[in-house]
Amino acid sequence: QVQLVESGGGLVQAGGSLRLSCAASGRSFNNYAMGWFRQTPGKEREWVAAISWNGGYTIYAEFVKGRFTISRDNAKNTVYLQMNSLQFEDTAVYYCAATDKVLSEAKMTLRTGYNYWGQGTQVTVSS
């Protein structure tokens with residue numbers, strides 16, 4: 001089992017930046033690949049970014065490429081999402097997720113690939 005707690009959300013103006021953190025506790029953090037997803041009311045939860053267990057491999061959804069960066073610090077049991085050039089459309093609840101499965105790149109982009117989820121943190125971008 002692993003428990004995930006997100007933080008760092010808030011209100012920011014368009015063009016601004018935020019850094020989300022996801023602190024993990026429980027079993028060995030470096031056994032898990034991690035992902036960030038987001039969800040707005042009435043829409044499906046969508047994948048944003050993912051990172052391999054050692055941070056050596058990262059992938060991003062097209063709509064955040066060049067603006068968001070996922071990273072992790074296994075010594076601190078934490079994964080981050082640096083969000084720059086935020087747009088109104090980035091407003092959502094952001095969730096981090098963990099998986100101990102060995103996944104293909106395609107499956108790392110799917111909700112079903114992940115075993116554990118945090119409670120989410122709200123990001124609101126004002127236009």
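## A first look at the sheet, the core and a few loop residues

Let's start with Tyr94, which touches Glu6, Leu20, Trp36, Phe37, Arg38, Val48, Phe68, Leu81, Met83, Gly120, Thr121 and Val123, leaving aside residues up to four places away in sequence. Keep in mind that this is a predicted model.

**The nonpolar core**

- The largest nonpolar core has 38 residues.
- Tyr94 is one of the members that touch the most other members, along with Leu4, Met34, Trp36, Leu81 and Met83.
- Some of those names come up again around Tyr94 itself: its contacts include Trp36, Leu81 and Met83.

**The four-stranded sheet**

- Four strands line up as β1-β3-β8-β7 in an open sheet, and they pair in the antiparallel way.
- At the edges sit β1 (2-7) and β7, each with pairing on one side only.
- On average, neighbouring strands here are turned by 15 degrees against each other, if you ignore direction.
- As for what holds such an arrangement together, strands of a sheet pair through backbone hydrogen bonds, either parallel or antiparallel.
- Take β3 (residues 18-26) and β8 (residues 78-83): this antiparallel pair runs over six bridges.
- Within that pairing, look for Cys22, which stands opposite Val79 in β8.

**Arg67, a buried arginine**

- You'll find Arg67 in the loop between β6 (58-60) and β7 (68-73).
- Is Arg67 buried or exposed? Arg67 counts as buried because its relative accessible area is 11%, and the cut-off for buried is under 20%.
- Setting aside residues up to four places away in sequence, Arg67 touches Gln82, Met83, Asn84, Ser85, Leu86, Gln87 and Asp90.
- Met83, one of those contacts of Arg67, is also on the contact list of Tyr94.

**Two loop residues with positive phi**

- Asn77 has a phi near 55 degrees, which is a positive value in a residue other than glycine.
- Asn77 belongs to the loop between β7 and β8.
- With a relative accessibility of 26%, Asn77 is classed as partly exposed.
- Ser85 isn't a glycine either, yet its phi is positive, at about 50 degrees.
- The loop between β8 and β9 (92-99) is where Ser85 sits.
- Ser85 is partly exposed, so its 41% relative accessibility falls in that class, and Ser85 is also among the residues that Arg67 touches.

Note on methods. Residues are numbered from 1 along each chain as its sequence is written. This is a predicted model: local features need pLDDT of at least 70, side-chain atom pairs count only at pLDDT 80 or more; totals for chains, interfaces and linings use all residues. Side-chain values use heavy atoms; hydrogens and water are left out. Buried means under 20% relative accessible area, exposed over 50%, partly exposed in between (1.4 Å probe, protein chains only). Contact means heavy atoms within 4.5 Å. A nonpolar core is a set of buried Ala, Val, Leu, Ile, Met, Phe, Trp, Tyr and Cys residues joined through side-chain atoms within 4.5 Å. Two strands pair if DSSP finds at least two bridges between them. Axes are lines fitted to C-alpha atoms, for helices over the stretch in contact, and angles run from 0 to 180 degrees between N-to-C directions.
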